[in-house]
Amino acid sequence: MLRACVAIAALSLLIGSTPTYDSWAWMTWGREIAGGLDFDTSVGPAWKPLPVLVGAIGGPFGDLAPALWLTIARAGVLASVALAARLAWRLASGSVLAAGVAAACVALRAGWVWNGWLGSAEGLMLALVLGAFSLALDGRHRAALALGFAAALMRTEVVPFLALYAAWLWWRSAVPRSGFAALPRRDVVVAACGFAALPLVWLVPD
């Protein structure tokens, strides 16, 4: 499913590949950071660490950054619809109706597809959150945390819920229970470092 979303998003660049103002600013900041940490955020949209990181990765390769971000953002929009359907289908015990309603509620939200087409970050953020939720239901907590941290690099509103999830994982690991494996100490340390880094990447560059 993810590969299909990425492939469709990449092919969509043949139709149109002009990012909106916010996306251009994120890519510009990323390129300037990659070129020597000389950048100015006083004029522009809200600072978002993840898109800026994509800009920093694609910046040294000329015009690759905008195309790269548009591909990621558009794939996120497609994945958000598909993941909403898949998650609803699972939680509703295989109900096709529930899957269809969930997909429609996401896809038909005002401006959802269009804003994602222009490089909005919200589609990708929702895809990451829904992906983390699905992974958590599968017991793949390490991967779920990773997606949660990625989502937190686009919206700070994610952080409290991510912290609650991490605290729940720690509690379940600290109190022996049947059917729940303890989190490795390495995972606990990595998660703690991630939470410590969040305020730094959000506040220090901006």
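Visitor: Which helix gives the largest share of the lining of the largest pocket?
Guide: This is a predicted model, in which local features need pLDDT of at least 70 and side-chain atom pairs pLDDT 80 or more, while totals for chains, interfaces and linings use all residues. Residues are numbered from 1 along each chain as its sequence is written, and side-chain values use heavy atoms, without hydrogens and water. Helices H1 (2-12), H4 (64-91), H7 (122-137) and H8 (141-152) each supply at least two lining residues (helices are DSSP runs of H or I, at least four residues, numbered from the N terminus). Nine residues, the largest share, come from H4.

Visitor: What is the volume of the largest pocket?
Guide: A pocket is an open set of points on a 1 Å grid over the protein atoms alone, where a 1.4 Å probe fits, with protein on both sides within 12 Å along at least five of seven lines; lining residues have an atom within 4 Å of a point. Points are joined across faces, edges and corners, and the volume is the space filled by probe spheres set on them. For the largest pocket this comes to about 540 Å³.

Visitor: Which residues lie closest to the centre of the largest pocket?
Guide: Its lining divides into 14 nonpolar, four polar and four charged residues (Ala, Val, Leu, Ile, Met, Phe, Trp, Tyr, Cys and Pro count as nonpolar, Asp, Glu, Lys and Arg as charged, the others as polar). Of the 22 lining residues, those closest to the centre are Leu 2, Ala 79, Leu 83, Ala 127 and Leu 147.

Visitor: Which element gives the largest share of the lining of the second largest pocket?
Guide: The second largest pocket has a volume of about 330 Å³. Val 129, Ala 132, Phe 133, Phe 161 and Tyr 165 are the closest to its centre among 14 lining residues. H7, H8 and helix H9 (158-174) each give two or more residues. The largest share, six residues, comes from H7.

Visitor: How many residues apart in sequence are the parts that Asp 138 and Arg 90 tie together?
Guide: The two side chains meet in a salt bridge, 2.7 Å from N to O (a side-chain nitrogen of Lys or Arg within 4 Å of a carboxyl oxygen of Asp or Glu). Asp 138 lies in the loop between H7 and H8 and Arg 90 in helix H4, so the parts tied together are apart in sequence by 48 residues.

Visitor: Which residues do salt bridges with shared partners join into one network?
Guide: Arg 155 forms a salt bridge with Glu 122 at 2.7 Å, and the side chains of Glu 157 and Arg 155 meet at 3.8 Å. The network consists of Glu 122, Arg 155 and Glu 157.
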